[in-house]
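Try each task yourself before reading the solution.

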Amino acid sequence: MSNIKALQWRYATKKFDPEKILSLEKINILKEAFNLTATSYGLQPLKMVVVRNKELQEQLKTASWEQQQLNTASHVLVICIEKKVDKNFIEKYFKRVKHIRETPDDILDPFKRSLVESFESKAAEEVHAWALNQAYLTLGTLLTVCATEEIDACPMEGFQPDKYDELLKLEEHNLKSVLVLPVGYRAEDDMFSEFKKVRRPLDDVIIEVN
C-alpha cells in the first residue's frame, strides 16, 4: 500500500483476533522503528516493553479498565520514559556519538556542557513533560509503521500507570509507563473496522503560504 492508503486503512482497533500472532520479523520491525524515531537532541529518554504473555496481558487489562484490546492483542507495547535525565545519562549519549561518528571531543564538549547545564536547571516536572513529548513522537512513528506493515494497533492513554509500573517492575529500570500500544490483527467482528474516517476537510486544516 502507499503511505496514504495505509493511513486510510488503519484505525484504532478495538478488538484483535487472539489467534493471529505477529511474526518475529514484524515485531523486530517495530523495535527498529521505535529505536529510529526522532527525539529532541537525539537523547532517546525512552524504552519500550514488549509484552507477549497472556497471563500478564490479562493483568494489564485489569489495569486498563477492562479494555479488551489488551488481552486479545498479539503483543502489547508499553512506551516508557526515563525517570531521570541527568549528567550521567547525557554523557553516555555523547560517548555513543564519539564511538559511532568518531567526532572529536573539542567539537562535542561545548554542546555536551550546554545540554548538561540546561537539564540541570530544569525542574523535574519540566523534564518529565519534555520526555513525554518524545514518547508521543515515538507513538506517531509506530502507528505509521504499523499501517504500512498492515499491523493493527490501538494507541492508548486510558490505563493506570502506577499499576503498569508495578506489574512490569519498571521501578527497577528507573522507568515510568506513559503510553500503551496493543498490536496484532483485527478481529473479523470488530465493527469499528467498517467505520468511515471522520476528518476535517484538507482546506480547513492546511494553510498554504506561497
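This is a predicted model: local features need pLDDT of at least 70, side-chain atom pairs count only at pLDDT 80 or more; totals for chains, interfaces and linings use all residues.

**Exercise 1. Work out how many helices and strands the protein has, and in what order the elements run.**

Solution. Start by counting: the protein has nine helices and four strands. Next, follow the chain from the N terminus, where the order reads α-α-β-α-α-β-α-α-α-β-α-β-α. Then look at the overall extent: along the principal axes, the C-alpha atoms fill a box of roughly 60 × 50 × 30 Å. Of the 210 residues, 40% are buried. Finally, take the contacts with a separation of 6 or more: 80% of these link residues 24 or more positions apart.

**Exercise 2. Find which residues UniProt lists for the Nitroreductase domain, and describe that stretch.**

Solution. The unreviewed UniProt entry lists residues 8-185 under "domain: Nitroreductase". Over this stretch the chain is 51% helix and 15% strand.

**Exercise 3. Decide whether helices H5 and H6 are roughly parallel or antiparallel, and say which residues meet.**

Solution. Two packed helices are described by the angle and the distance between their axes. Begin with those values: the axes of H5 (residues 87-101) and H6 (residues 105-120) come within 10 Å and cross at roughly 160°. Angles over 145 degrees count as roughly antiparallel, so H5 and H6 are roughly antiparallel to each other. As for handedness, H5 passes H6 in a right-handed crossing.

Now list the contact. From H5 come Lys 87, Ile 90, Glu 91, Phe 94, Val 97 and Lys 98. On the H6 side they meet Asp 105, Leu 108, Phe 111, Lys 112, Leu 115, Val 116, Phe 119 and Glu 120. Sorted by class, this contact holds eight nonpolar, no polar and six charged residues.

**Exercise 4. Locate Lys 26 and Val 78, and decide whether each is buried or exposed.**

Solution. Lys 26 sits in helix H2 (residues 24-36). The cut-off for buried is under 20% relative accessible area, so Lys 26, at 18%, counts as buried. Leaving out residues up to four places away in sequence, Lys 26 touches Glu 149, Ile 151 and Tyr 185.

Val 78 belongs to strand E2 (residues 75-82). With a relative accessible area of 0%, Val 78 is buried. Beyond four places in sequence, its contacts include Lys 47, Met 48, Val 49 and Tyr 164.

**Exercise 5. Check phi at Glu 66 and Lys 169: what values do you find, and where do the residues lie?**

Solution. As background, most residues other than glycine have a negative phi. Glu 66 has a positive phi, near 60°. Glu 66 is in the loop between H3 (54-62) and H4 (69-72), and at 47% relative accessibility counts as partly exposed. Phi of Lys 169 is also positive, near 55°. Lys 169 lies in the loop between helix H8 (161-167) and strand E4 (175-184).

Conventions: Residues are numbered from 1 along each chain as its sequence is written. Side-chain values use heavy atoms; hydrogens and water are left out. Axes are lines fitted to C-alpha atoms, for helices over the stretch in contact, and angles run from 0 to 180 degrees between N-to-C directions. Helices (H or I, at least four residues) and strands (E, at least two) are DSSP runs, numbered from the N terminus. Angles under 35 degrees count as roughly parallel, over 145 as roughly antiparallel, 65 to 115 as roughly perpendicular and the rest as oblique. A crossing is left-handed if the near helix is turned anticlockwise from the far one by less than a right angle, and right-handed if clockwise. Contact means heavy atoms within 4.5 Å. Ala, Val, Leu, Ile, Met, Phe, Trp, Tyr, Cys and Pro count as nonpolar, Asp, Glu, Lys and Arg as charged, and the others, Gly among them, as polar. UniProt positions are given in the numbering used here, feature names are shortened, and annotations may be inferred rather than shown by experiment. Buried means under 20% relative accessible area, exposed over 50%, partly exposed in between (1.4 Å probe, protein chains only).
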